[in-house]
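Me: I want to learn how to read a few features of a model. Please take me through them one by one.

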Amino acid sequence: MRESCRLPVLPNSPTLSDLDATYAARASALAVCDGRRDLAVQAFDAQTRALTTPSRPWWRRLFG
């Protein structure tokens, strides 16, 4: 499932505290988004390795 990252935006007439709060909220949201993206890349890499790695016969796995 594809889901885009939602980043906080400034209100129409931002005050200094709005700027500070939005800056911190965006930093937090970007960290979460980056973590999700990293997890998705790791899952994709693991799936690709699992599908492309040839499996050895059972007797080779058993006896080495």
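Me: Is Cys5 buried, partly exposed or exposed, and what is its relative accessible area?

Reply: Buried means under 20% relative accessible area, exposed over 50%, and partly exposed in between, with a 1.4 Å probe and protein chains only. Cys5 is partly exposed, at 34%. This is a predicted model: local features need pLDDT of at least 70, side-chain atom pairs count only at pLDDT 80 or more, and totals for chains, interfaces and linings use all residues. Residues are numbered from 1 along each chain as its sequence is written, and side-chain values use heavy atoms, with hydrogens and water left out.

Me: Which cysteine forms a disulfide with Cys5?

Reply: A disulfide is a pair of cysteine sulfur atoms within 2.5 Å. Cys5 pairs with Cys33, the sulfur atoms being 1.7 Å apart. The structure holds 1 disulfide. The link of Cys5 and Cys33 is right-handed, with 80° about the S-S bond.

Me: Which parts does the pair tie together?

Reply: Helices are DSSP runs (H or I, at least four residues), as are strands (E, at least two), numbered from the N terminus. Cys5 lies in the segment before helix H1 (16-52) and Cys33 in helix H1, so the pair ties together parts that are 28 residues apart in sequence. Cys33 counts as buried, at 16% relative accessibility. The buried residues of H1 are Thr22, Ala29 and Cys33.

Me: How many helices and strands does the protein chain have, and what is its radius of gyration?

Reply: The protein chain has 2 helices and 0 strands. The radius of gyration is taken over C-alpha atoms; the globule rule is 2.2 Å times the number of residues to the power 0.38. A compact globule of 64 residues would come near 11 Å, but the protein chain has 22 Å. Its C-alpha atoms fill a box of roughly 70 × 20 × 10 Å along the principal axes. Buried residues make up 5% of the 64 residues.

Me: Where does Phe63 lie, and is it buried or exposed?

Reply: Phe63 lies in helix H2 (residues 58-63). Phe63 is exposed, with a relative accessible area of 67%.
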